[in-house]
Amino acid sequence: MKKKYCIIAQMILLLWFFLDMIGIHFGDKCLVTRSYKEDGIFFLIYLIAVVLFIIEEKFGKWFVICWMSMWFVIQFLCHEWYTIFNSGFMGTLEGKIEYFSGTIQWLQIDGRYIPDVYHTILHILIIISLTVTIIYSAKSKKKG
């Protein structure tokens, strides 16, 4: 695995996450609302992690792996947990359904929360980037 594949994966994730900073709307539906006030610090930390990975790989790769791991756990608890268990501890199920009701959905089931298109793709990109970076780090450790 080459470092460039990690950087490509990180850049795609960074660009997708940037959509959360600016918001994307299509008529009365939105892919994601502008959430820089809520998520801006997460974006900046991830941006710093990616820059560290690029310029200071020895430390940066572990920082980016740790950050993405924590980020994925938070995303899982905020989204997939509600889908799997039909409840959660980060707000009510009804509040979660209402909050994301204006976003583009894969499907809607009354009384069930299913992550919207933006968050599903975000979670897939986090997993891909994290996996690629872990594989790269493990292989580069064996070489070094």
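This passage describes the fold of the protein, its surface, and a number of its residues.

The structure is a predicted model, in which local features need pLDDT of at least 70 and side-chain atom pairs count only at pLDDT 80 or more, whereas totals for chains, interfaces and linings use all residues. Residues are numbered from 1 along each chain as its sequence is written, and side-chain values use heavy atoms, with hydrogens and water left out.

The protein contains 5 helices and 2 strands, where helices (H or I, at least four residues) and strands (E, at least two) are DSSP runs numbered from the N terminus. Along the sequence these elements follow the pattern α-β-β-α-α-α-α, and the C-alpha atoms fill a box of roughly 55 × 30 × 25 Å, taken along the principal axes. Of the 144 residues, 39% count as buried; here buried means under 20% relative accessible area, exposed means over 50%, and partly exposed lies in between, with a 1.4 Å probe and protein chains only. Among the contacts with a separation of 6 or more, 58% are accounted for by residues 24 or more positions apart, a contact being defined as heavy atoms within 4.5 Å.

The accessible surface of the protein comes to about 8500 Å², and 70% of this belongs to carbon and sulfur atoms; accessible areas come from the Shrake-Rupley method with a 1.4 Å probe, and for residues only the protein chains shown count as cover. A nonpolar surface patch of about 600 Å² is made by Met-11, Ile-41, Leu-44, Leu-47, Val-51, Ile-54 and Ile-55. Patches are made of residues with over 30% relative accessible area and no salt bridge, with like charges joined within 9 Å and nonpolar side chains (Val, Leu, Ile, Met, Phe, Trp, Tyr) joined within 5 Å. The largest share of this nonpolar patch, 6 residues, comes from helix H2 (residues 36-55), and Ile-54, which lies in helix H2, counts as partly exposed at 35% relative accessibility.

A search of the whole structure finds 1 salt bridge, the term standing for a side-chain nitrogen of Lys or Arg within 4 Å of a carboxyl oxygen of Asp or Glu. The side chains that meet in this way are those of Lys-3 and Glu-57, at 3.3 Å from N to O, and the pair links distant parts of the chain, with Lys-3 in helix H1 and Glu-57 in helix H3, 54 residues apart. Lys-3 is partly exposed, with a relative accessible area of 21%, and Glu-57 likewise counts as partly exposed, at 22%. Helix H1 (residues 3-22) also holds Gln-10, which is buried with a relative accessible area of 0%. Leaving aside neighbours within four places in sequence, Gln-10 is in contact with Tyr-46, Val-50, Val-64, Met-68, Ser-129 and Thr-133.

Tyr-113 lies in the loop between helix H4 (93-99) and helix H5 (117-143) and is buried, with a relative accessible area of 2%. When residues up to four places away in sequence are not counted, Tyr-113 touches Cys-78, His-79, Tyr-82, Thr-83, Leu-93, Lys-96, Ile-97 and Phe-100. One of these, His-79, is joined to Tyr-113 by a polar contact of 2.6 Å between the side chains; a polar contact is a pair of N or O atoms within 3.5 Å, and within protein one atom must be able to donate a hydrogen and the other to accept it, while residues adjacent in sequence count only if both atoms are side-chain atoms. His-79 is also touched by His-119, as are Gln-75 and Phe-100, again not counting residues up to four places away in sequence. His-119 is found in helix H5 and is buried, with a relative accessible area of 10%, and a polar contact of 2.8 Å joins its side chain to that of Asp-116.

The structure holds 0 disulfides, a disulfide being a pair of cysteine sulfur atoms within 2.5 Å. For Cys-30, which is in no disulfide, the nearest cysteine sulfur is that of Cys-78, 17 Å away, and Cys-30 counts as buried at 5% relative accessibility. The sulfur of Cys-66 is too far for a bond, because the closest cysteine sulfur, in Cys-6, is 15 Å away; Cys-66 counts as partly exposed, at 46% relative accessibility.
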